Amino acid sequence: MDDVWLCLAAAAAGVVNAVAGGGTLLTFPAVYAALGSTAEAAVVANATSTVALFPGSLAGAWGYRAELVGAREWFRLLIVPSLVGGLIGSLLVTQLPENLFKQLVPWLILVAALLFLLQPMIARWTGIGRPHTPTPAVALGVIGFQFLVGVYGGYFGAGIGILMLSAL
């Protein structure tokens, strides 16, 4: 029966990610429960959920490739802090005690759920969708913020999409 629930969670997460993001809020708990809800299971469920949803992220990027053409400058600025932050986050989740991650999971899910719920307000507040040329100070702030998003995403991926959109 676990396989059925995992497949349903994966399908629903794909739909949710395609529409608004937040699919990890479905896949992580499903995998975590199927693995037995131990500290080790929390870390494994986190990695499994992230890897499982990655192809959908690539497909989404491909689908929006025409819109991404205007973001090449940002891509060049943010790729290094994203990758370095992601590497640091993944090292933290694999090197720190698994019990620490398990204790943080409810708080991480709460943050991800709040980001998902507040997504429209965050979009209005940050001006998502309104193109503008940032000052060098703003660009540096966005690069620093994106590094932190990378660390968070490497540690726990839920809610990373809205954080990245906020940075952009």
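Phe75 is exposed, with a relative accessible area of 55%, where exposed means over 50% relative accessible area, buried under 20% and partly exposed in between (1.4 Å probe, protein chains only). This is a predicted model, in which local features need pLDDT of at least 70 and side-chain atom pairs count only at pLDDT 80 or more, while totals for chains, interfaces and linings use all residues. Residues are numbered from 1 along each chain as its sequence is written, and side-chain values use heavy atoms, with hydrogens and water left out.

**Nonpolar surface patch**

- Phe75 is found in helix H5, and helices here are DSSP runs (H or I, at least four residues), numbered from the N terminus, as are strands (E, at least two).
- Together with Ile79, Val80, Leu83, Val84, Ile88, Leu92, Leu96 and Leu100, Phe75 makes a nonpolar surface patch of about 730 Å².
- Such patches are made of residues with over 30% relative accessible area and no salt bridge, nonpolar side chains (Val, Leu, Ile, Met, Phe, Trp, Tyr) being joined within 5 Å and like charges within 9 Å; the accessible areas come from the Shrake-Rupley method with a 1.4 Å probe, and for residues only the protein chains shown count as cover.
- Helix H5, which covers residues 72-95, gives the nonpolar patch its largest share, namely seven residues.

**Salt bridge**

- The structure holds one salt bridge, a term that stands for a side-chain nitrogen of Lys or Arg within 4 Å of a carboxyl oxygen of Asp or Glu.
- Side chains of opposite charge can pair when their charged atoms come close.
- In this model the partners are Glu73 and Arg76, whose side chains meet at 3.5 Å, N to O.
- Glu73 and Arg76 are separated by about one helical turn, because they are three residues apart in helix H5.
- Arg76 is exposed, with a relative accessible area of 56%.

**Nonpolar core**

- The largest nonpolar core has 20 residues, of which Phe28, Tyr32, Phe101, Leu108, Tyr152, Tyr155 and Phe156 touch the most other members; a nonpolar core is a set of buried Ala, Val, Leu, Ile, Met, Phe, Trp, Tyr and Cys residues joined through side-chain atoms within 4.5 Å.
- Two or more residues of this core come from each of helix H2 (24-35), helix H3 (39-63), helix H6 (98-117), helix H8 (136-155) and helix H9 (160-167), and the largest share, five residues, comes from H6.

**Aromatic pairs**

- The count comes to four aromatic pairs, where rings of Phe, Tyr and Trp (its six-membered ring) pair if their centres lie within 6.5 Å, planes under 30 degrees apart counting as stacked, over 60 as edge-to-face and the rest as tilted.
- One of these pairs is formed by Phe28 and Phe156, which lie edge-to-face at 5.4 Å centre to centre, with 85° between the planes.
- This pair links distant parts of the chain, with Phe28 in helix H2 and Phe156 in the loop between H8 and H9, 128 residues apart.
- Phe28 counts as buried at 1% relative accessibility, and Phe156 likewise counts as buried at 1%.
- Phe101 and Tyr155 have ring centres 5.3 Å apart and planes at 65°, so their pair is edge-to-face.
- Because Phe101 lies in helix H6 and Tyr155 in helix H8, their pair ties together parts that are 54 residues apart in sequence; both residues are buried.
- One aromatic cluster is formed by Phe28, Tyr32, Phe101, Tyr155 and Phe156.

- Not counting residues up to four places away in sequence, Phe28 touches Ala42, Ala45, Asn46, Ser49, Phe101, Val105, Ile109 and Phe156, contact meaning heavy atoms within 4.5 Å.
- Thr27 is found in helix H2 and counts as buried at 7% relative accessibility; its contacts, with residues up to four places away in sequence left out, are Ala9, Ala10, Ala13, Ser49 and Leu53.
- Ser49 has its place in helix H3 and counts as buried at 1% relative accessibility, while its contacts, by the rule that leaves out residues up to four places away in sequence, are Thr24, Thr27 and Phe28.

**Other residues**

- Ser37, in the loop between H2 and H3, has a phi near 60°, a positive value in a residue other than glycine, and counts as partly exposed at 33% relative accessibility.
- Val4 lies in helix H1 (residues 2-19) and counts as partly exposed at 42% relative accessibility.
- The C-alpha atoms of Val4 and Leu118 are separated by 31 Å, and these residues are 114 residues apart along the chain.
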